[in-house]
Amino acid sequence: DVDDLLLAISQVTLYWLLVATIVKGFGILASIMRWDQLLRGQGYRVPFGYLTGSFLVGRFFGMFLPSTLGLDGYRAYDMARQCGDAVRSVAVIVVEKITGFFTLSLLVLVTLPAGMRFLPTQVLVVVFFIFCVPVIISFFLLLKPSAIEWALDKVLKLRFPGKAKIEGLLRRSVAAVTVYQDQKGVLLRAVLLGIVVHSSTVLMYYFCALAVGVDASLADMLFVGPWIILATVGLPTIGGEGAREFTALGLLQRIGVDPNAAWLVGHLGFWAAEFVPAVLGGIILALRPARYRPA
C-alpha cells in the first residue's frame, strides 16, 4: 500500500541511516585497500588517493550497470590505462573476485545458525553443504592458482580454431594470476580485508533495520545481510535495485516484519551503499582532468 509505504519512509530515523552510511564507508575503504594490496602484488605502486578516486568513479558507473560490472570494468580500464598492461590489471580484478567469492561464501556458512528463525533446519543443512563447494573451490584456487595453469595446458593441447591467436594472451593472463602463488601474505591480507568489506555491508543493513525500527535483532540481520549481498551481486539488476528489496522482504516477512518496513530495510541499503559513493564518484569524474596521471 503506497500510503503505508510513505508512512514508513516518513518514520525513518536519519541518525541510524547516517551510521549505516559511515559503516559502509569503512567497507569501501577496505575494498580500496584490498585493491591496493593486489596491485602491489603485480609490482604496481599507485597513490592511495588516486585509487580512492578511481574506485568511487567505478561506483558511479556501477549504479547504472548490473552487479559489479561498472565498478570492476572501470577499475580494470583505468589501471590498464595508467600502468600500460591490461592483462595484469584484469588479473588483479579476477583474483579480487576469487577472494571476495571465498569470503562471502564463508560469511554465509558462519551466519547460517542465525537462520533458525527464518528457515527449517533441513533447508539450512542443505544450504550449508551447497556453500561448502564454493568455499573449497575458491580456497583451493587462492592457495594453488597453478591449477589454472595446469588446466590451460590441457586445453591448449587440443586443436581448435584461433588457437594460435589467443594462446599468447591466455598464457600471459594465467601468468599474471599465478604471480600470487608465492605471495601468501598479500593473499591473506586480501582475504582479511574481504571479510571487513562484506561484514561492513551486513552491519550496514542492521543499522538500516534500526533506522526503519523493525523488530529484527543483530543475529537476524547477520543472517539476512549476506543473502542480500548475494542477490545484489548475483542477479542482473541495475544497481542491485529490486534484488536487495525483495530479498529483505522475503526473509524478514518470515519473522513477522511488516512488508513495507522489510522492503524499506533493503531499499535504504541503496542510499547508504550505492547513491552516496556514486555521487562522490560522479563529482570526481567531472572534476578530474582527462589527462591527469598519478605519479
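This is a short tour of a predicted model, stop by stop.

Residues are numbered from 1 along each chain as its sequence is written, and side-chain values use heavy atoms, without hydrogens and water. Local features need pLDDT of at least 70, side-chain atom pairs count only at pLDDT 80 or more, and totals for chains, interfaces and linings use all residues.

**Stop 1: helix 11**

Select residues 243-252, which form helix 11. Helices here are DSSP runs (H or I, at least four residues), numbered from the N terminus. Eight of the 10 residues are buried (under 20% relative accessible area, 1.4 Å probe, protein chains only). Among them are Arg 244, Glu 245 and Leu 252. Now show what covers the buried residues: the cover includes helix 9 (184-212), helix 10 (218-234) and helix 12 (259-287).

**Stop 2: the core**

Select Met 221 and Leu 252. Of the 70 residues in the largest nonpolar core, these two touch the most other members. Helix 9 gives the most to this core, with 12 residues. Such a core is a set of buried Ala, Val, Leu, Ile, Met, Phe, Trp, Tyr and Cys residues joined through side-chain atoms within 4.5 Å. In soluble globular proteins, nonpolar side chains tend to be buried together.

**Stop 3: Glu 274**

Move to helix 12 and pick Glu 274. Is Glu 274 buried or exposed? Glu 274 is buried, because its relative accessible area is 12%. Leaving aside neighbours within four places in sequence, Glu 274 is in contact with Arg 59, Met 63, Gly 239, Arg 244 and Gly 269. Contact means heavy atoms within 4.5 Å.

Key: Buried means under 20% relative accessible area, exposed over 50%, partly exposed in between (1.4 Å probe, protein chains only). Helices (H or I, at least four residues) and strands (E, at least two) are DSSP runs, numbered from the N terminus.
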